[in-house]
Amino acid sequence: MDRQKVAAAYSDKYLEIDRPQTLSDCKIEELQQSVLRGELDQDITDQVYVDFKQAMTEWVFNSKLNQVSGFDQFDRVDIVNGCTQFIDSVYMRGPVQTLKGDYRYHRRLDPDMVYSVPGYLRPGLPLIIAMPFPSTGAVHLQMQEILDECLAKEIPVHVDGAWYSCARHIVFDVGHSAIRSCGISLSKGLGLGWNRIGLRWTKDAPADAVTIMNDYRMNLRAPAMIGLHYLRNLPPDYLWTAHSKHYDQVCNDFNLTPTNSIHLALKDGNPVGVSPLIRYLEREQNK
């Protein structure tokens with residue numbers, strides 16, 4: 001069936017099986033309209049980069065629903081065009097390995113990819129792993145064992161935090177010695193898939209497209225301006241604070257297992273998207 005932002009009826013046929021979409025809401029959509037009307041800070045100087053970095057860092061660190069530590073182990077932070085650019089920057093350096101159930105973008109980049117298996121990871125080959133993990137909406141159940149195996153096998157780990165901004169109950173230490181970089185974007189947490197923007201933290205980062213664009217102020221200013229506008233108008237943990245009751249109701253009504261990601265639940269152990277049904281309840285509430 002066609003993807004719909006708001007379910008036409010409160011029915012399980014609107015559970016998204018193939019490609020769960022992220023959650024937006026009326027307030028986020030009004031912010032989008034305010035951007036289109038030009039009602040945002042008009043500063044287009046390099047200061048917008050500084051302001052965006054500071055605002056997003058504070059937004060990430062001020063979460064009351066998540067406990068992520070270890071950022072003090074990174075020595076550099078750069079603006080990225082969402083976690084897609086974060087992933088692309090790793091692929092540009094050579095082959096990588098990923099796990100089954102991770103972001104489908106990896107399969108699109110390499111249709112012949114052979115997924116790695118925890119316990120049998122390939123030594124020395126960089127691993128990109130999402131946190132939260134897309135097929136479960138939570139930190140990978142074997143994450144600690146995976147990181148320890150990577151450290152023993154000298155596998156650089158790159159943590160894709162694309163879903164972190166829409167997550168709850170995440171407890172994670174990005175300071176683990178195997179982790180070389182971590183990217184977090186605002187696409188999932190603030191409905192900004194149309195304006196991909198985020199940050200990448202790195203340890204001893206080699207020069208690449210991301211560092212060069214940041215060092216020479218080549219990043220587009222518009223995405224940073226728009227991201228800053230959203231950060232100033234939506235608090236940390238926004239989607240869970242606004243829609244946790246609707247999320248719980250959908251899970252209860254359709255016998256779904258809740259996850260830590262606002263747009264995802266599990267049905268018979270398989271991920272399904274619940275955003276259209278949450279939007280349906282939002283619409284009914286606002287009538």
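At 2% relative accessibility, Ser185 counts as buried (buried means under 20% relative accessible area, exposed means over 50% and partly exposed lies in between, with a 1.4 Å probe and protein chains only). You are looking at a predicted model, in which local features need pLDDT of at least 70 and side-chain atom pairs count only at pLDDT 80 or more, while totals for chains, interfaces and linings use all residues. Residues are numbered from 1 along each chain as its sequence is written, and side-chain values use heavy atoms, with hydrogens and water left out.

Let us stay with Ser185 for a moment. Its place is in strand S6, residues 179-185 (helices, H or I of at least four residues, and strands, E of at least two, are DSSP runs numbered from the N terminus). Not counting residues up to four places away in sequence, Ser185 touches Met56, Gly82, Cys83, Gly161, Ala162, Ser165, Ile197 and Gly198; contact here means heavy atoms within 4.5 Å.

One of those partners, Met56, takes us to helix H2, where Met56 also takes part in the contact with H7. Two packed helices are described by the angle between their axes and the distance between the axes. H2 and helix H7 (residues 221-233) pack at an angle of about 40 degrees, and their axes are 9 Å apart. (The axes are lines fitted to C-alpha atoms, for helices over the stretch in contact, and angles run from 0 to 180 degrees between N-to-C directions.) That angle makes H2 oblique to H7: under 35 degrees counts as roughly parallel, over 145 as roughly antiparallel, 65 to 115 as roughly perpendicular, and the rest as oblique. H2 passes H7 in a left-handed crossing, a term for a near helix turned anticlockwise from the far one by less than a right angle, with clockwise being right-handed. On the H2 side the contact is made by Val48, Tyr49, Asp51, Phe52, Ala55, Met56 and Trp59, and on the H7 side by Arg221, Ala224, Met225, Gly227, Leu228, Leu231 and Arg232. These residues divide into ten nonpolar, one polar and three charged (Ala, Val, Leu, Ile, Met, Phe, Trp, Tyr, Cys and Pro count as nonpolar, Asp, Glu, Lys and Arg as charged, and the others, Gly among them, as polar).

H7 also packs with H1, at an angle of about 135 degrees and with the axes 11 Å apart. That makes H1 oblique to H7, and this crossing is right-handed. Lys27, Ile28, Leu31, Gln32, Ser34 and Val35 in H1 meet Ile226, His229, Tyr230 and Asn233 in H7. The tally for this contact is five nonpolar, four polar and one charged.

Leaving aside neighbours within four places in sequence, Lys27 is in contact with Asn233, Leu234 and Tyr238. Lys27 and Tyr238 are 211 residues apart along the chain, yet their C-alpha atoms are separated by 10 Å.

Tyr238 brings us to helix H8, residues 238-253, whose axis comes within 9 Å of that of helix H9 (residues 275-286), crossing at roughly 120 degrees. H8 and H9 are therefore oblique to each other, and their crossing is right-handed. His243, His246, Tyr247, Gln249 and Val250 in H8 meet Leu277, Ile278, Leu281, Glu282 and Gln285 in H9. Here too the residues divide into five nonpolar, four polar and one charged.

Finally, the aromatic rings. How many aromatic pairs does the structure hold? There are eight, where rings of Phe, Tyr and Trp (its six-membered ring) pair if their centres lie within 6.5 Å, and planes under 30 degrees apart count as stacked, over 60 as edge-to-face and the rest as tilted. Phe61 and Phe71 form a tilted pair, 5.0 Å centre to centre with 50 degrees between the planes. This pair links distant parts of the chain: Phe61 is in H2 (residues 47-61), and Phe71, ten residues apart from it, is in the loop between strand S1 (67-69) and strand S2 (76-80). Phe61 is partly exposed at 43% relative accessible area, whereas Phe71 is buried at 10%. Trp240 and Tyr247 form an edge-to-face pair, 4.9 Å centre to centre with 75 degrees between the planes, and both are buried. Phe61 and Phe71 also belong to one aromatic cluster with Phe74 and Trp201.
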